[in-house]
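This report concerns a single protein chain. Please examine the sequence and the model shown below before reading on.

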Amino acid sequence: MKLLTRLGAVVRQPQILPAYLHWCALRSVGRVPRRAFRDQPNQVREAAIGEWFSFSEFWTFHELIPRSEETLLLHALSRPDHQAGLALDIGANLGIFACRVASLGHRVHAFEPMPDTFARLEKNIFANELEDLVRANLIGIGDEEGFAEFERPAKSPGQSRMTLSGGPDVTRVPLTTLDRYMERESIPFVDFLKIDVEGMETRVIRGGRKVFQEKRIGTALIEVCPWNLRHAGTSPKELFREIDSLGYGGWRVEDDGTPGEPWQSIDLEQIHLENFVLRPNESITASA
């Protein structure tokens with residue numbers, strides 16, 4: 001029955017067929033496909049992502065990083081002094097962003113609190129020989145140090161999220177804050193910050209009030225999903241008001257990787273899931 005369901009989905013979306021056949025062929029010999037990143041100028045190391053849990057997960061990330069977000073990433077990490085940049089990947093999952101940043105020669109601190117997903121993250125880092133550039137942390141980032149309970153969807157473990165209601169299938173994970181981590185590691189400035197934490201985004205921002213107020217975050221890319229935010233006890237408007245209070249703005253990412261429509265002119269409750277770029281307000285004013 002499951003096979004028929006999958007075949008039905010493929011028939012309805014024929015563009016999936018080549019990828020599905022490739023998946024099946026490799027799985028038949030006990031292997032999992034790997035997706036390679038686009039070639040970029042000055043890329044120091046080839047890299048590809050594997051360790052996929054299912055074909056659904058493999059297809060969901062078939063583009064790895066959308067071109068607009070990759071352009072944003074490349075610009076944020078291009079320092080005037082041509083030195084290697086520094087990125088923080090909060091909610092690293094399998095390491096798509098972390099491995100991409102490191103493949104371009106930049107340093108990354110990656111955070112993934114779920115042990116099984118963290119194991120897949122580490123395998124991708126080591127498979128690409130990027131362990132000299134990626135520091136993987138088995139910990140979550142929130143608004144205070146301590147512990148939190150996470151629920152793990154059986155069919156999509158990479159979308160684990162914090163739960164407020166508890167239950168039998170939860171994992172207790174350690175938490176720290178962005179402020180505390182950057183202080184402990186003596187990190188003066190982060191060129192690029194990615195936040196993808198399935199609804200905990202507001203808590204991450206609150207735990208980084210000091211570094212945001214001091215403008216120690218150059219560019220951030222943050223996922224906004226109203227359902228996930230409400231599930232975690234907050235909302236899109238509450239998230240962006242928190243961001244505004246720190247002197248940063250939020251904008252849609254244009255196709256060329258630049259900030260586009262501001263959050264104030266968007267009906268946030270009507271979006272399903274979208275990434276926004278955050279930058280200090282004065283940096284946008286200066287470039288206008």
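## Overall architecture

The model is predicted. The protein chain contains 12 helices and 14 strands. Of its 288 residues, 51% count as buried. The chain exposes about 14100 Å², and carbon and sulfur atoms supply 52% of that area. Among contacts with a separation of 6 or more, 70% are accounted for by residues 24 or more positions apart.

## Nonpolar cores

The largest nonpolar core comprises 40 residues, and the members that touch the most other members are Leu178, Leu193, Ile205, Phe212, Ile217 and Phe276. Strand E11 (residues 217-224) supplies the largest share of this core, four residues. Apart from this core lies another, of 38 residues, including Ile16, Trp52, Phe118 and Ile125.

When its neighbours within four places in sequence are left aside, leucine 193 is in contact with Leu88, Ile90, Leu178, Phe212, Ile217, Thr219, Ala220 and Leu221.

Helix H4 also has a buried side. Its buried residues are Ser68, Glu69, Glu70, Leu72, Leu73 and Ala76. These buried residues pack against H5, strand E10 (190-195), E11, strand E12 (248-253) and strand E14 (274-280).

## Salt bridges

Side chains of opposite charge can pair when their charged atoms come close. A search of the whole structure finds 19 salt bridges. The table presents pairs that are described further below.

| Arginine 45 | Aspartate 132 | 3.3 Å |

The side chains of arginine 45 and aspartate 132 meet in a salt bridge. Because arginine 45 lies in the loop between E1 and strand E2 (48-49) and aspartate 132 in the loop between helix H6 (115-127) and strand E5 (134-137), the pair ties together parts that are 87 residues apart in sequence. Arginine 45 is partly exposed, with a relative accessible area of 25%, whereas aspartate 132 counts as exposed at 55%.

Arginine 206 lies in helix H8 (residues 201-206) and glutamate 238 in helix H11 (residues 236-245), so the pair ties together parts that are 32 residues apart in sequence. Arginine 206 is partly exposed, with a relative accessible area of 31%, and glutamate 238 counts as partly exposed at 29%.

## Further arginines

Arginine 35 is located in strand E1 (residues 35-36). Arginine 35 is buried yet has no salt bridge. Which side chain of opposite charge is nearest to arginine 35? That side chain is glutamate 63, 10 Å away. Leaving aside its neighbours within four places in sequence, arginine 35 is in contact with Ala19, Ala47, Ala48, Ile49, Trp52, Phe58, Trp59, Phe61, His62 and Leu64.

Arginine 180 lies in helix H7 (residues 178-184). With a relative accessible area of 32%, arginine 180 is partly exposed. Arginine 180 and glutamate 145 are 35 residues apart in sequence, while their C-alpha atoms are 8.5 Å apart in space.

## Cysteines

A disulfide is a covalent bond between the sulfur atoms of two cysteines. How many disulfides does a search of the whole structure find? The search finds zero. Cysteine 24 counts as partly exposed, at 31% relative accessibility. Cysteine 99, by contrast, counts as buried at 0% relative accessibility.

Terms used
Residues are numbered from 1 along each chain as its sequence is written. This is a predicted model: local features need pLDDT of at least 70, side-chain atom pairs count only at pLDDT 80 or more; totals for chains, interfaces and linings use all residues. Side-chain values use heavy atoms; hydrogens and water are left out. Helices (H or I, at least four residues) and strands (E, at least two) are DSSP runs, numbered from the N terminus. Buried means under 20% relative accessible area, exposed over 50%, partly exposed in between (1.4 Å probe, protein chains only). Contact means heavy atoms within 4.5 Å. Accessible areas come from the Shrake-Rupley method with a 1.4 Å probe; for residues, only the protein chains shown count as cover. Lys and Arg count as positive and Asp and Glu as negative; His and the chain ends are not counted. A salt bridge is a side-chain nitrogen of Lys or Arg within 4 Å of a carboxyl oxygen of Asp or Glu. A disulfide is a pair of cysteine sulfur atoms within 2.5 Å. A nonpolar core is a set of buried Ala, Val, Leu, Ile, Met, Phe, Trp, Tyr and Cys residues joined through side-chain atoms within 4.5 Å.
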